[in-house]
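Welcome! Open the structure in your viewer and get ready to pick out some charged side chains, one stop at a time.

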Amino acid sequence: MMAALLVVVALPAGVAGFWYGSGEGGDEGDGEDAPGGSLGPSCLRQRTFPAASSDIYITGLIDVHGGVRCGQVDLAGVQLMEAARWTALKMGRLAFIPGVSLGVSIYDTCGGPEAVMRAAATAVLEGRYLEPPVCRAAPHVGVVHTHPHHDQLSSFLQDVGAPSVSVDAEDIMPQLEALVLLLQRLNWTSVAVAAPTIQELQKFGHLAAGLDICVGAEAILPHTNSDEKVYGAVLEALGVAGTGGVVLIGPQDRLHAALDAARRNRTNFHWVLAPTGTIQESVFQDLNSVASGLLVLKRTSQTVPEFGEHFLTVASSGSKLYQHFTPEDYVEEPAVYQMVKAMYAMGVGVRRAVLRACGGSGWCSNASATFTNIPNTDDGGDGPDVIEKLSIKAQRPHYQVLRLAPTGHDDYTTLAFTKVGHFSAGSLELENSLLEGPDRPPRYLCFYCRCLNVRFAFLADLRWRTEAWVTICATMAIIGFLLAVAISIFIGIRSCRGQAPEGSQGFSLLMLASCIFLYAAILPYSFEASTLTCRLRAFSTGLAYALVFAIMLSRSLMLATADSEGLVGHVSGLIQTALFFFMVSVQTGLGVQQWVIGTPSSIHTLPSGGVLYTCSGNRLQFIISQSYIMFLLALQLVISPFIIRSRRNYHEGLLFFIATVLMAGVWVAWATLYMILPPEWGEACICLGLAATPTCVLLTIFVPKTYLMVRAAAKESVCATPIRQIARPQPSQDLVRSSSLSLYDSIGHLPEMMHASPHAYGPDPTVHPPPSRKESPYEAYSHYQPSPHKITQF
């Protein structure tokens, strides 16, 4: 069943040109057809580079070719292929695997993700991985591949039982460090940059930010087999920066494709190239109009010197893979060392299987059952000794700064490299001819430029979004923030002056602070997605909602118990604070767990040559992560009807009920829209909820409460004003206090008027009492003096 599934692999349109039927093509792999004429598309076979006869084989999945229809040799892939073979040859010379010779069969994966899966399926079938080990004459025991980020390759190899190890991405940080120093010396403080991966763009942005270099635009360099229009879109994306200085990072074929597109589009850029591998003069000869005067940062050091000698020997053997290669062109690919490590890890696994299952006397069928996983060679053991025997020397890379300048006569002009500087041990030395004179590169300074990176490295990914809904939500947040601050100042001043008689306003100020935090939770959605913003979105959203709902719920519980029948209920401030702290702590713990374990990662796509950031994650999963917040809101919705009649703290019960109903409607609205609208509107729906929820709180609770506080203060000032005699003396009559006392923090904190003259609260013997009326149940407390015992209430 599995074999049938593997055979049925659809051949993508336009890919037939780089499959051919030479399964025995040897090292050349020149794409010739099989004897007897050309093969039709249905007869084409996978391009392979089989190994010499060996006891066991390692399968390699590597991009050996590139370019349009995979018609160009990828020098980086060729080096990785030879690095795998050299490592196997070196281990054989050292007899590292007792009694076993190790070979490497390479399958070319040029053509994109579908071509990678086709090559993997062909390798599994031809390597007979699906058959029992005893049925294989010369078994293939494992796979080494250069596609660590392929979505399906690793799981496919695991399903068919093929042990695999991926070649880690090369470390280009030393080259980027030299690159930003070069830009600083050239006074290029405003640049546009293009690179093959988003990780390389981010690393460059971080380093450039530390030297005050502004990255005005960035783009992804696509594969060279992409359409010419794609590279044209890349140039358009780079032109948004408004600067003439462009930095290109990547392999030689992609750099050439970008420059060729610039020639066709007649752009007026000046270039600095940072090739991650070999760079040759010959590829620039047809690009005089755009390549003349460009600078190249070329690597000159080697991590594995013995491999360099081996590669130069192979390149001079006349193979068609190295037709235009010269020893002066050789630059060791940064990924060569990673390939050597991957092959060595495979060799260590084979060696252990042979020693355990075969007694060290050669390969046996039992060894296949023992060799099921690849050991980690970085954990000590027998790794360091073999690394030393392989002549791997860890040294800091050295780089040369080259200028591509025209040479020759007027009738025949060629471009040639001239050394103008070098970088070593963190120091950059440049010749005066590069910094002075008529041929010096122009300066590109940053004046009022818009930068995608900032000064601090950890904030380099914060880039403001320009969508209309972001502007609307940000405007609502700013207005709400100013309103909340104004109300906080008003309540704080009245509380400090003792003009807020209806109890302490501490929790009111805390609720205003939580509304401000809710508005601030919109900020992570206002910036483009990155690792930092993706983490902050999920964490800040839940915590901001928890703060508001926890405060309202703890206050509602107090009001519901305080107005119960019988003795007035007492909920101390300590208990209320403890409830609030517990409810917020639960959400904080859930948020931290999601931050550490289940945080959405930052991914990217390529729209029109530019870079687009998005956060991965399922929409239903996000709603489920807010289930605790929904529980708090539902509990508040259940309790709020029981506090409508409460008149304490400026009718807080009624105001809470109205706000709760409105917030429940807001939550139902944004959550429904979030689930039914297309994914690109999901973040807008979340921001709608974040902006509408605190707005409901401010408009339904604090605006009426502010009005009631002002009105109560006005009434008190009128009552405290003495009545002047107008015409004739009349019997004085004190105003009879009619009040419905509110619930205070402490009985000892009653208003100052409680200590006034007893005539203000009792009948004057010189006047007739007013007509009898029904006394309020709360008015009875006004006939008693304050108790010396402090009982905390709300």
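**A tour of salt bridges**

Start by selecting D260, R263 and R264, which a network of salt bridges links together. A salt bridge here is a side-chain nitrogen of Lys or Arg within 4 Å of a carboxyl oxygen of Asp or Glu. This is a predicted model, where local features need pLDDT of at least 70 and side-chain atom pairs count only at pLDDT 80 or more, while totals for chains, interfaces and linings use all residues. Residues are numbered from 1 along each chain as its sequence is written, and side-chain values use heavy atoms, leaving out hydrogens and water.

Stay with R263 and D260, whose side chains meet at 2.6 Å, N to O, in a salt bridge. Both sit in helix 8 (residues 252–265), 3 residues apart, about one turn of the helix. Helices are DSSP runs (H or I, at least four residues) numbered from the N terminus.

Is each partner buried (under 20% relative accessible area), exposed (over 50%) or partly exposed (in between; 1.4 Å probe, protein chains only)? R263 is partly exposed at 33% relative accessibility, and D260 is buried at 16%.

Next, select R555 and E652, a salt bridge with its closest N and O atoms 2.8 Å apart. This pair links distant parts of the chain, 97 residues apart: R555 is in helix 18 (residues 531–562) and E652 in helix 22 (residues 648–676). R555 is buried at 4% relative accessibility, and E652 is buried at 3%.

K705 lies in helix 23 (residues 682–720) and E652 in helix 22, so the pair ties together parts 53 residues apart in sequence.

Methods
Helices (H or I, at least four residues) and strands (E, at least two) are DSSP runs, numbered from the N terminus.
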